[in-house]
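Colleague: I would like to go through the helix packing and the core of this model. Please give the cut-offs as you go.

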Amino acid sequence: MASPTLSPDSSSQEALSAPTCSPTSDSENLSPDELELLAKLEEQNRLLEADSKSMRSMNGSRRNSGSSLVSSSSASSNLSHLEEDTWILWGRIANEWEEWRRRKEKLLKELIRKGIPHHFRAIVWQLLCSATDMPVKNQYSELLKMSSPCEKLIRRDIARTYPEHEFFKGQDSLGQEVLFNVMKAYSLVDREVGYCQGSAFIVGLLLMQMPEEEAFCVFVRLMQEYRLRELFKPSMAELGLCIYQFEYMLQEQLPDLNTHFRSQSFHTSMYASSWFLTLFLTTFPLPVATRVFDIFMYEGLEIVFRVGLALLQVNQTELMQLDMEGMSQYFQRVIPHQFDSCPDKLVLKAYQVKYNPKKMKRLEKEYAAMKSKEMEEQIEIKPRVGAHSPVGMSSKLATQQ
């Protein structure tokens, strides 16, 4: 099958140009004041998007009229007022955290889905995963004095982590140094996992927002409470489960695309493994990936399933025209940049995906039973090979002689 030119077709473009609206049905249960607040945030995101497009347009052409500059200035003025309101709001949320978690959970969820402001991410991420007062923080400086068997592996990988980001550029950069410190410290507190390639992208993102001690504590909490430790264990059994669950969703919601993938031997693990292991941090540019990470911090791995299936829905028509090699290239070149200027639309699409927690739980039990049966069959086969195979018998005889 021939591979057409790698550019989103009209159906992909239509899917991307859907009108912006509230990402989820949860907003239906909010009060009028809370809905007004969300509308303001939507307007801010719209202005940010318009401002971004305007800047790109101005940079691409020197023939802009004076009126376009005036309208851009007016948009920026409106944006600055909304940014000030957002700053006040998130300052209040951080100061009254327990109150918001207990009494305004639905509103908090909606606000997080619309994006945590950059300057508040460090404190809000720590609050979301309860990492603000962890005893392990006191061990951090002592861990750095110890040596880890994973040090060579970590050193090799950190140069490949965000190689284009200013903070991590250069072998002697501060970014690479603190990334090495956090990864080494974690490998010492969790020797079963040690170090796993991919986890450095998550730690790297944390280090862009907060000092290394805080980043270490948040990473420990994510590993313990967000299924990441199971994902990064040497067996990677949890990754197998996630792929199994995702394949079920694909088969149920996009059966034609699933059939096409199978016909091309395009396995789910070939494109989705990195989604789960790096939470889209190696897929999207940072501004988009960080929006997904905001939601992950509050809602867990569910957002990875939602975003992954949303991407397939948006690109289904195009993907079905491609062969295996064409699809691989499409996933690498086209999909990562479709939402660069409109992450809100990605979030909207993600919350239009059907996700059933009960069904996911059932699939988890089904997968565990399937794996258990496989293990039993392997155990049954092994003794037979040793005791009853001709090779086993002849070697015994040779020993006796």
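Modeller: Axes here are lines fitted to C-alpha atoms, for helices over the stretch in contact, and angles run from 0 to 180 degrees between N-to-C directions. Helices (H or I, at least four residues) are DSSP runs, numbered from the N terminus. The model is predicted: local features need pLDDT of at least 70 and side-chain atom pairs pLDDT 80 or more, while totals for chains, interfaces and linings use all residues. Residues are numbered from 1 along each chain as its sequence is written, and side-chain values use heavy atoms, without hydrogens and water.

Colleague: What is the orientation of α17 to α18?

Modeller: The axes of α17 and helix α18 (residues 324–333) come within 12 Å and cross at roughly 140°. Angles under 35 degrees count as roughly parallel, over 145 as roughly antiparallel, 65 to 115 as roughly perpendicular and the rest as oblique. The angle therefore makes α17 to α18 oblique.

Colleague: Which residues of α18 meet α17?

Modeller: Contact means heavy atoms within 4.5 Å. On the α17 side, L312, N315, E318 and L319 take part. Their partners in α18 are M327, Y330 and F331.

Colleague: Which residues does Y271 contact, leaving aside neighbours within four places in sequence?

Modeller: Y271 is among the residues with the most contacts inside the largest core. Leaving aside those neighbours, its contacts are F246, L250, F261, F266, L312 and F331.

Colleague: How many residues of α10 are buried?

Modeller: The cover of its buried residues includes α6 (121–128), α9, α11 (212–225), α12 (228–232), α15 (268–278) and α16 (286–299). α10 is mostly covered, and the buried count is 11 of its 11 residues.

Colleague: At what angle do α9 and α10 cross?

Modeller: The axes of α9 (residues 174–189) and α10 (residues 199–209) come within 10 Å. The crossing angle is roughly 120°.

Colleague: Is K184 buried or exposed?

Modeller: K184 lies in helix α9. Its contacts, not counting residues up to four places away in sequence, are L143, L144, M146, S148, E151 and I154. Because its relative accessible area is 7%, K184 is buried.

How values were computed
Helix = DSSP H or I, 4+ residues; strand = E, 2+ residues; numbered from the N terminus. Core = buried A, V, L, I, M, F, W, Y, C linked by side-chain atoms within 4.5 Å. Buried < 20%, exposed > 50% of the residue type's maximum accessible area, 1.4 Å probe, protein only.
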